[in-house]
Amino acid sequence: MTQAVPNIAVASGPVLALESRFLDAQQSIEAWLRREWAQTTAPFYCSVDLRNAGFKLAPVDTNLFPAGFNNLNPNFDSLCLQALQTAVERTCPTAAKLVLVPENHTRNRYYMESVARLKGLLERAGFEIRVGSISPEIAEPMTLELDSGASLTLEPLERSGDRLHIGRFSPCAVVLNNDLSGGVPDILRNVVQPLLPPAEVSWAQRLKSQHFAHYREVTREFAEHIGIDPWLITPGFRNCGNVNFLKREGEDCLAANVEGLLEEIRAKYAEYGITNDPFVVVKADAGTYGMGVMTAKHPDELRQLNRNMRKKMASAKGGGEVTGAIIQEGVYTFETIGEPAAVAEPVVYMIDHHVVGGFYRVHEGRGNDENLNAPGARFHQLAFADPGVAPDSTCPPDDTPNRFYAYGVVARLAMLAAAREIRSTAHEAAA
C-alpha cells in the first residue's frame with residue numbers, strides 16, 4: 001500500500017524555504033544536472049539514505065550496490081524498466097544477455113526477495129538474465145522458494161580466460177549486486193565484460209569519506225548556482241584513517257575530530273537559531289548494513305566505550321575489521337509515520353540518472369538522532385506517482401510531489417558525487 005508523505009514535526013523553517021527555492025529554480029536545476037550528466041556518466045544504480053531535520057535535508061549514506069528492490073512500489077515499475085534499458089544500453093548497446101551477481105548470504109531470504117525483484121525487472125526490460133553466484137557454497141544450481149511465492153535459481157559463476165559465463169550462457173555485461181566488502185575475488189578481476197558498477201568502487205576499496213568529499217564539492221557548485229547555503233544539504237564530516245576500537249588505537253584522533261566537528265555544527269546552529277543539541281555519527285569508513293555505528297554529543301563518549309560497544313564498533317560486514325572511521329555530522333529526522341509516531345527516513349532509488357522510487361525506513365525503537373538501519377526496521381513505500389522530477393507549482397512546497405522533488409534533487413546530487421567518485425577511481429587505475 002502506498003504511503004503518503006509522513007508528518008514532520010518542524011513544519012516551517014529552512015527546509016520549507018529550501019523546498020520553495022527548489023521549486024522556483026526547477027528549470028535551472030534540471031538544466032544544471034543535464035550538463036553534469038553530459039560530463040560524467042551516472043552509476044548503473046544507487047540508493048541514497050536521506051534525513052529531513054526541518055532545518056536541514058541531507059544524505060547520510062550512498063550505496064552503489066543497493067538491495068531493497070522488493071520495497072519499491074510495483075505500480076511504478078515502468079520507471080525502473082526504462083531506466084534499466086538506458087543504463088544497460090549505455091555500456092552494451094546490443095545487449096541480450098546479462099548475469100546478475102548477488103551477495104553470498106543465501107540464508108538472508110529478505111535480501112533474496114530483492115534479488116528476485118531486480119532479476120524480474122531486468123527480464124521485463126528485455127534482457128535474458130541468469131543469477132551467477134560467487135559463493136563457495138554454490139557449486140551447482142540451487143533454487144530458492146521465497147516467501148513471496150517467487151523462486152530464484154542461483155548458479156555458480158564460471159570463468160574461461162578473461163570471460164565470465166554460466167555454462168554456455170555468455171553475457172554482454174555483469175550486473176554486480178555484491179558490494180565485495182571482503183575484497184574483489186580473482187574471478188572478477190580483469191574480465192572482458194564490463195561490471196556494472198565497476199568492482200573498483202566496491203567497499204573493498206571505497207571510503208565514505210572520499211564519497212562525501214566529492215559530495216561536498218558537488219553541493220558547493222550547486223548551491224552557488226541556485227543561491228543557497230550549501231550547509232542546508234551537506235553533512236559535515238571528518239575521518240580517522242588508523243583506528244582499532246578493541247585496542248583503543250586512534251582514540252585521540254576520534255575524540256579530537258568529534259570535538260572539532262561539534263564546534264562547527266554549534267556555529268551553524270547558532271547562525272540559524274536552532275536549539276537542538278548537535279551530535280555526530282561515528283561509523284566505519286567502509287561498509288554498509290548499518291554495522292559499527294554510534295552517535296555522540298561529547299568527545300568523552302568515545303573514550304568511555306565499554307568492551308561490548310568497542311567490539312560492536314570494530315565489527316564490519318562478513319567478519320571484517322574496522323580500520324578507519326568517518327565522523328559525520330548527525331542529521332535529525334523529524335519525519336514520523338503512524339500512531340504512535342515512529343521516526344522515518346526516506347531512501348531514494350535511482351537507476352542511471354533517473355529517480356525510480358524509494359521507501360521510508362521506519363523504526364519504532366529508535367530516536368530521531370539514532371541510526372534507523374538496524375534490526376527492527378520496517379519499510380513504507382514512497383508515493384512516487386512520477387519520476388520525482390515533476391513538482392507541482394500549484395501545491396505548497398511541502399506537499400507530496402514537491403517534497404519528493406526535493407528528495408530527488410538531493411539524492412541526485414549524491415549520485416553525481418558517486419559518478420565523480422567512479423570517474424576519479426577509473427583515472428587513478430589508468431594512471
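Predicted model: local features only at pLDDT ≥ 70, side-chain atom pairs only at ≥ 80, totals over all residues.
Biologist: How many bridges pair strand β10 (residues 173–177) with β11, and are they parallel or antiparallel?
Modeller: β10 and β11 pair over two bridges, in the parallel sense. Strands here are DSSP runs of E with at least two residues, helices are runs of H or I with at least four, and both are numbered from the N terminus. Two strands count as paired if DSSP finds at least two bridges between them.

Biologist: New topic: β17. Why call it largely enclosed?
Modeller: 10 of the 10 residues of β17 (residues 342–351) are buried, so the rest of the structure largely encloses the strand. Buried is under 20% relative accessible area, exposed is over 50%, and partly exposed lies in between, with a 1.4 Å probe and protein chains only.

Biologist: Which residues point which way from β17?
Modeller: A342, A344, P346, V348 and M350 point one way. V343, E345, V347, Y349 and I351 point the other way. All are buried.

Biologist: How many bridges join β17 to β18?
Modeller: Nine, running antiparallel to β18 (residues 354–363). M350 has V355 as its partner in β18. The two strands form a hairpin with two residues between them, and D352 in the turn has a positive phi of about 55 degrees.

Biologist: And how many to β2 and β16?
Modeller: β2 (residues 45–52) has five bridges to β17, antiparallel. There C46 partners M350. β16 (residues 335–337) has two, also antiparallel, and T336 stands opposite V343. β16 and β17 make a hairpin with four residues between them; G338 in that turn has a positive phi of about 80 degrees.

Biologist: How many aromatic pairs turn up in the whole structure?
Modeller: 17. Rings of Phe, Tyr and Trp (its six-membered ring) pair if their centres lie within 6.5 Å; planes under 30 degrees apart are stacked, over 60 edge-to-face, the rest tilted. F44 and Y45 are edge-to-face, because their centres are 5.0 Å apart and their planes stand at 70 degrees. F44 is buried at 6% relative accessible area, and Y45 at 0%.

Biologist: What about Y349 and F359?
Modeller: Tilted: 5.5 Å centre to centre, with 45 degrees between the planes. Y349 is in β17 and F359 in β18, 10 residues apart. Y349 is buried at 3% relative accessibility, and F359 is buried at 3%.

Biologist: Which residues form the aromatic cluster?
Modeller: F44, Y45, F69, Y110, Y349, F359 and F379.

Biologist: Which residue lies over the face of W203?
Modeller: K208, at 5.6 Å from the ring centre. The criterion is NZ of Lys or CZ of Arg within 6 Å of the ring centre and within 35 degrees of the ring normal.

Conventions:
Residues numbered from 1 in each chain as written. Heavy atoms only, no water.
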